[in-house]
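Reader: Hey, I've got this model open and I'm a bit lost. Can you walk me through it?

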Amino acid sequence: MSETLQTQTSAAGTPLAPSERYAVTTRLLHWLVAVLVLATWPLGFLIHYVNNDAKMDFYMLHEGFGFLVLWLMLVRVGNKLIARKPPAEGSAMEKIAAESVHGLLYLFLIVMPVSGFLATNAHGFPLKWFGAVTVWSPIGKSPEIAGTLSAIHEWSAWILFALFAVHIAAVLFHHMIRRDATLYKIL
Ligand code: HEM
Ligand code: HEM
């Protein structure tokens, strides 16, 4: 493939040159975490609405996937420190906005599983990962802080939702209005 084709950034889907995309590890982690979060979030939300027979399965899947997000995010933080990052598009203000939203997404993707994990332990239900592995916790049953941890988990879930909405709006703005190559950087 010629250099011209490799670096073309049209909306027709022509690939970018490798140096213009996120590193392969960053792209893999982005989509792995995205799929898990897009499953974990609704599973958590629906726990309150499903009947008692299904509740336990929803808890197991929600907590199992959510806990996986924590470990992937720790790998992702390490990856962010060392992996190649393509240059950002847009004005200085846009770059600051994008960095801030990405940073907050990282933060809440760690706050979510940590608060959920601590909340379930504080309520007296230690995590048995996918029904198979009992996970050690720094706290045991602690009714005095269980409600606060649950509230942090629930509020953070809505903040994460809002950040995700801003993220998708920004992606659509770049792709449909600016018609730049932002989307292709992560594909
Ligand atoms: C990325 C990770 C996670 C996301 C996005 C997430 C999201 C959510 C959402 C949206 C709810 C419903 C909140 C509401 O009713 O308004 C919820 C509830 C809940 N989640 Fe998670 N969660 C995550 C990880 C975890 C983990 C790792 C655990 C436990 C090991 C956990 C335990 C719970 C529990 C017990 C509830 C029921 C309500 C409560 O006591 O707070 N979550 N979660
Ligand atoms: C489902 C559709 C999604 C699409 C189309 C998408 C698209 C993108 C694009 C195009 C970028 C590069 C932005 C840039 O360089 O300015 C990006 C980066 C990023 N996305 Fe998404 N995304 C999706 C889902 C998610 C979800 C669910 C999350 C987390 C809740 C997320 C978190 C991030 C983060 C933190 C970055 C910064 C890259 C890094 O440093 O790891 N994305 N995404």
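**A walk through the model**

Author: Of the 187 residues in the protein, 17% count as buried (a residue is buried if 20 or more other C-beta atoms lie within 10 Å of its own, exposed if 12 or fewer, and partly exposed in between, with C-beta atoms placed from the backbone). This is a predicted model, where local features need pLDDT of at least 70, side-chain atom pairs count only at pLDDT 80 or more, and totals for chains, interfaces and linings use all residues. Residues are numbered from 1 along each chain as its sequence is written, while chains are lettered from A and ligands numbered from 1 in the order in which they are written.

Reader: Ok, how many helices and strands does the protein have?

Author: There are 6 helices and 2 strands. Both are DSSP runs numbered from the N terminus: helices are H or I with at least four residues, strands are E with at least two. Along the sequence the pattern reads α-α-α-α-β-β-α-α.

Reader: And what does the C-alpha trace span along its principal axes?

Author: About 60 × 30 × 30 Å.

Reader: What share of the contacts comes from residues 24 or more positions apart?

Author: Taking contacts with a separation of 6 or more, 69% are between residues 24 or more positions apart. Two residues are in contact if their C-beta atoms, placed from the backbone, lie within 7 Å.

Reader: Let's do helix packing. At what angle do helix 2 and helix 3 pack?

Author: Two packed helices are described by the angle between their axes and the distance between the axes. For helix 2 and helix 3, the angle is about 155 degrees and the axes are 9 Å apart. Axes here are lines fitted to C-alpha atoms, for helices over the stretch in contact, and angles run from 0 to 180 degrees between N-to-C directions. Helix 2 and helix 3 are therefore roughly antiparallel (under 35 degrees counts as roughly parallel, over 145 as roughly antiparallel, 65 to 115 as roughly perpendicular and the rest as oblique).

Reader: Which residues make the contact?

Author: Helix 2 brings, among them, L29, V33, L36 and G44, and helix 3 brings residues including F65, G66, V69 and R76. By class, this contact has 16 nonpolar, 7 polar and 1 charged. Ala, Val, Leu, Ile, Met, Phe, Trp, Tyr, Cys and Pro count as nonpolar, Asp, Glu, Lys and Arg as charged, and the others, Gly among them, as polar.

Reader: Is R76 buried or exposed?

Author: R76, in helix 3, is buried, with 22 other C-beta atoms within 10 Å. Leaving out residues up to four places away in sequence, R76 touches L29 and V33. From R76 to A88, 12 residues along the chain, the C-alpha atoms are separated by 19 Å.

Reader: What about helix 3 and helix 4, at what angle do they cross?

Author: Roughly 140 degrees, and their axes come within 9 Å. That makes helix 3 oblique to helix 4. The contact includes G66, F67 and M73 of helix 3, along with L109, P113 and G116 of helix 4. Its residues divide into 12 nonpolar, 3 polar and 1 charged.

Reader: Switching topic: which residues are closest to ligand 1?

Author: The closest are G44, G66, G116, S150 and A157, out of 25 residues that surround ligand 1. A residue is near a molecule if its C-beta atom, placed from the backbone, lies within 6 Å of it. Helix 2 (24-46), helix 3 (52-82), helix 4 (92-122) and helix 5 (143-178) each supply at least two residues of that shell. Helix 4 gives the largest share, 7 residues. The shell around ligand 1 divides into 14 nonpolar, 9 polar and 2 charged.

Reader: How many residues surround ligand 2?

Author: 19 residues, with A34, H102, L105, L183 and I186 the closest. Two or more residues come from each of helix 2, helix 4, helix 5 and helix 6. The classes for ligand 2 are 12 nonpolar, 5 polar and 2 charged.

Reader: Last one: what is phi of F130?

Author: Near 50 degrees, a positive value in a residue other than glycine. F130 sits in the loop between strand 1 (128-129) and strand 2 (133-134), and counts as partly exposed, with 13 C-beta neighbours inside 10 Å.
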